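Dear colleague,

Please find below the structure that I am handing over to you. My notes on what was found in it follow directly after.

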Amino acid sequence: MRELVFALEYRPGCNRVADALAEHPDARVRSLSLHATADRLWRVDHATGAPAALDDLEAAFRDADYYADCLASDDCGATQTTRVLDRDGDTLVLYSDWERTPRCASVPHIAREHLGEGVLFETRHEGRHYTWRLIHPGTGDVGAFFDAIRDAVGDCARTELLKTGSTSAAAAGSGEGTVGDGSDLSPEQEAALRAAVEHGYYETPRETDVGDLADHLGVPRSTLTYRLRRAEEQLAKRFVADARLPDSAAGA
């Protein structure tokens with residue numbers, strides 16, 4: 001089995017969920033379950049954030065002109081329903097069911113066409129970045145899959161490959177199955193981290209800020225913030241995993 005992790009960075013006005021999350025930087029949405037057949041998609045999502053953020057996210061899921069996972073740039077005529085399964089304080093759990101039309105496109109349906117039917121999906125949505133983790137048999141055409149994704153999103157989003165490799169390598173690097181948990185940083189994440197260190201972003205006091213660093217790298221501020229956050233997360237989890245190894249070895 002192979003692992004594939006990539007992100008879509010949505011431009012303003014192209015995705016209601018991304019717009020809502022961009023207004024609430026501390027809010028997050030992650031998938032608890034996601035399944036697709038040839039003509040349907042259903043999923044359960046777990047959102048966290050302040051009450052105002054959860055209000056906006058619920059509205060984005062419920063009231064969007066077309067389903068949030070559809071990559072069509074306008075109303076595709078699909079039928080969708082979204083129900084609140086639970087809401088308590090700073091958490092919101094949503095169930096969505098989507099029946100697609102011939103005009104619809106989505107990451108899971110494109111994956112079925114190019115990577116086969118036995119694909120597992122996991123997602124995380126932060127700000128304008130929508131990260132997908134796919135576990136697939138490895139017998140399909142990954143290049144054709146990415147070409148189809150780019151054609152489907154058009155000018156609405158930019159695609160960024162974060163990681164690809166065997167699932168055994170991913171498991172060795174992390175004990176958790178969350179998006180972006182690999183032992184290796186993507187080239188973009190590594191470049192962002194190196195630039196941040198070289199330009200004094202991690203010094204106290206800081207010698208540069210995110211805006212100046214983003215200008216230096218020629219990327220949007222939100223993109224750089226996302227790459228640094230993902231790199232820091234992976235390094236922190238790797239550190240904790242490595243720290244546990246002596247205890248695990250001793251108990252073996």
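In which strand is the place of Ser 96? Ser 96 lies in strand β5, residues 91-99 (helices, H or I of at least four residues, and strands, E of at least two, are DSSP runs numbered from the N terminus). This is a predicted model, in which local features need pLDDT of at least 70 and side-chain atom pairs count only at pLDDT 80 or more, while totals for chains, interfaces and linings use all residues. Residues are numbered from 1 along each chain as its sequence is written, and side-chain values use heavy atoms, with hydrogens and water left out.

Ser 96 is buried, with a relative accessible area of 0% (buried means under 20%, exposed over 50%, partly exposed in between, with a 1.4 Å probe and protein chains only). Its side chain makes a polar contact with the side chain of Thr 82, at 3.1 Å (a pair of N or O atoms within 3.5 Å; within protein, one must be able to donate a hydrogen and the other to accept it, and residues adjacent in sequence count only if both atoms are side-chain atoms).

For the chain as a whole, the secondary structure comes to 8 helices and 8 strands. Of its 252 residues, 48% count as buried.

The axes of helix α3 (residues 107-115) and helix α4 (residues 142-153) come within 9 Å and cross at roughly 150° (axes are lines fitted to C-alpha atoms, for helices over the stretch in contact, and angles run from 0 to 180 degrees between N-to-C directions). That crossing makes α3 roughly antiparallel to α4 (angles over 145 degrees count as roughly antiparallel, under 35 as roughly parallel, 65 to 115 as roughly perpendicular and the rest as oblique).
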